[in-house]
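The exercises below are meant for a reader meeting this structure for the first time. Each task is followed by a solution that goes step by step.

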Amino acid sequence: MLRRFLANLSCVVQPATVVVVLLCGPAIAHGSGQNAMPEVWPQSCLIESADPFLLQPAGPEALGMPVPDARQDLFDVLHYGLILEVVPADTLIAGIVTIDFTARDQPVTQIVLDLKDRMTCFSVTMTSPLQSALTFVHSSDLLVIDLPEPLGPGEPGTIAVAFLGHPEPEGLFGFRIDSTPAGDLVLATVSEPWSARSWWPCKDDLTDKATFSVDIRVPEGMTAVSIGNLVAQSDNTFSWVETEPIPTYLFSLTVSNFAELVDDYQGTAGDFPLHHYLFPADAAAAELDLAVLPDMLDFCGGLFGPYPFTGQQFGMTECVWDEAMEHPTAVTWGDVLVTGDGQFETIVMHELAHMWFGDLVTPTDWTQVWLNEGFATYCEALWAEHQWGQAGLRSFMGAHNWGFGYGWDTLVKNAAISDPTYYFNPIPYNKGAWVLHMLRRWVGDADFFTILRNYLEDPTLRFANASSSDFQQHCEAVSGQDLEWFFHQWLYRNNHPVFRMGWSEVWQDGQDQVTIRLEQVQDPDPLDGNAPYKVQADIRLRGAGLDTMVTVANDQADQMYTFTMPAVVTSVDFDPDLWLLHKMDGSPYVAGTPSAPQPVRLLAAYPNPFNPRCNILWEADGPTLDVVEIFDVAGRRILKRLQSTAGPGPRDFLWDGNDGAGKPRPSGTYLYRITSSGRDAEGSSGTWLLRGKIQLVR
Ligand SMILES: [Zn+2]
């Protein structure tokens, strides 16, 4: 019997290379999940502060990622002590920040801090080694302070900066005032990546970590939450202390009327309180959502070591938002994520994982942000595997294979781009998680989990900073392999391999000779052009009484493999367990081929043109989690909302013509985009994009 090759055979036939990989026993205990596996996985890249499709051209007009002023390299901040007064009703913050620092290896004559010009600095004094009022200039978002005499190398100093202002939201969030549905005001801050300077004076550089203490005076009846432990409370002043060094982007405040949920955790990750600050109306639902935390802490403690913030509490602090941010010890948790049904369980895991990946070991700069987001996202996958076994892992990885997105950019980001949202698009999250998944497959479970542990326990990286090459060194040290090729192709090439597969078989003398041909047909990339990727791939062969997996090494543009099987092979599946980031080029063997009908479809918005409201409509064949975004014609996002629908059928979002802060928008054309995560007809997870245009006529 002979079956023709599905692809044509005009190319040179390459010799077969077959490797057999023996996987170590899994380090992840399986199948303990109490909740059913989610039908639709929430996407952390959409839950966190990302605009996944914004890519600003890197032209001469792009300022690039902010880099510290050269004079900031001359001193090291040891501690920030803040005394703050906040008045949410007036969007006012005022205070004094006392900064303890030392001169590095050269004399220091000026202290340069970052502070946006819209904020006001009204005095700077030195309190050590001299008592002296200091002169300063505040312009171009920098505060340049003259010291009365140079500070010699290694000498300590202390200055106090008095400031006030009315900060505005900026970057991914910044400083924001909202109100809850019950009418309570909420002040929240999220400074990632470089918005700390928008509301307080600091050296806003993620490589200069410092300890913090903060006294916050708030209006009667409100509670102030910051990072670390609450060490004192008197009248309306709350005193928080963070004894571990952290970067300025992880310092935060949240002020509102909170219900507190307190529990003790004792387990693999340590012995400390769980302390959540929640809107009173949401406390009961949040308690259900967060009941899984002790199990998650045991899981993380077992894999990554004790909770890094020894002796400090951990918990969620709620604000009005549809996103989350990994502030150490007190994760800022959007109210949209409180559902009472555990829908965002993997996002809880993501934020918890950041206590190790991001808050303990922080990237050296924002081009390396996959060391935060790829790792936290892969921790979601590990949790899915822990809860729901191999099916959970496979389903999660399938849902995070955003093939339509990976062609734009490399995993290590482009420092020439100045828009902060660019650094948080799906590539560092989802492609980052996939790179770790493939690394795990390449080195095996035992080495993979040793690598993670060694990386987190490296004394030069703990409460300090790491780059991709630091991580690569740990991978090479543990595996004993030169992995330059792996990191080169997955971190610095954009896109991913695209395969075309053909196969045939011949039954002869009681055996089946199976020949499989693999071609790499991806578009050339700017770094390596047409060079093929080096990968290993599993191929499943099935026939009457036959079901076997072979693993092939593939590193050529066109490669052939032959196998002898004891029965006639009737089906061949490429990478059935999803261990390789790739797409198939028209192969009939992989679910979700381009010819499959899209399971999510746009319907006409009405009325359009509209005033005052427009119904944005779409439909889906199954449950979806949808992110609705509205942009002005200049491409600026003015609104983002998250919503989920349990079954098939139409969905709608009623837009009232206001932006995310509730301000009416002027007449004009608006663009909308729906990012819909769900399942296709074959049951494979996927994410689809819908776009439309509407006209507001006031
Ligand atoms: Zn994250």
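**Exercise 1.** Over the face of which residue does lysine 534 lie, and at what distance from the ring centre?

Solution. The model is a predicted one, and in it lysine 534 lies over the face of tryptophan 485, at 4.3 Å from the ring centre.

**Exercise 2.** Classify the pair formed by the rings of tyrosine 249 and tryptophan 366, and state which parts of the chain the pair ties together.

Solution. The structure holds 44 aromatic pairs. In this one the ring centres are 4.8 Å apart and the planes stand at 70°; planes over 60 degrees apart count as edge-to-face, so the pair of tyrosine 249 and tryptophan 366 is edge-to-face. Next, tyrosine 249 lies in the loop between strands E15 and E16, while tryptophan 366 lies in the loop between strand E22 and helix H5, so the pair ties together parts that are 117 residues apart in sequence. Finally, tyrosine 249 is buried, with a relative accessible area of 1%, and tryptophan 366 counts as buried at 5%.

**Exercise 3.** Describe the order of the open sheet of 8 strands, and find its edge strands.

Solution. The order reads E5-E4-E8-E2-E1-E12-E15-E14, with mixed pairing. Strand E5 (132-134) and strand E14 (229-234) are the edge strands, because each pairs on one side only. From one strand to the next, the twist averages 20°. Strand E4 (residues 120-128) pairs with E5 in the antiparallel sense over 3 bridges, and valine 124 stands opposite leucine 134 in E5.

Definitions and conventions. Residues are numbered from 1 along each chain as its sequence is written. This is a predicted model: local features need pLDDT of at least 70, side-chain atom pairs count only at pLDDT 80 or more; totals for chains, interfaces and linings use all residues. Side-chain values use heavy atoms; hydrogens and water are left out. Two strands pair if DSSP finds at least two bridges between them. Helices (H or I, at least four residues) and strands (E, at least two) are DSSP runs, numbered from the N terminus. Axes are lines fitted to C-alpha atoms, for helices over the stretch in contact, and angles run from 0 to 180 degrees between N-to-C directions. Rings of Phe, Tyr and Trp (its six-membered ring) pair if their centres lie within 6.5 Å; planes under 30 degrees apart count as stacked, over 60 as edge-to-face and the rest as tilted. Buried means under 20% relative accessible area, exposed over 50%, partly exposed in between (1.4 Å probe, protein chains only). A charge sits over a ring if NZ of Lys or CZ of Arg is within 6 Å of the ring centre and within 35 degrees of the ring normal.
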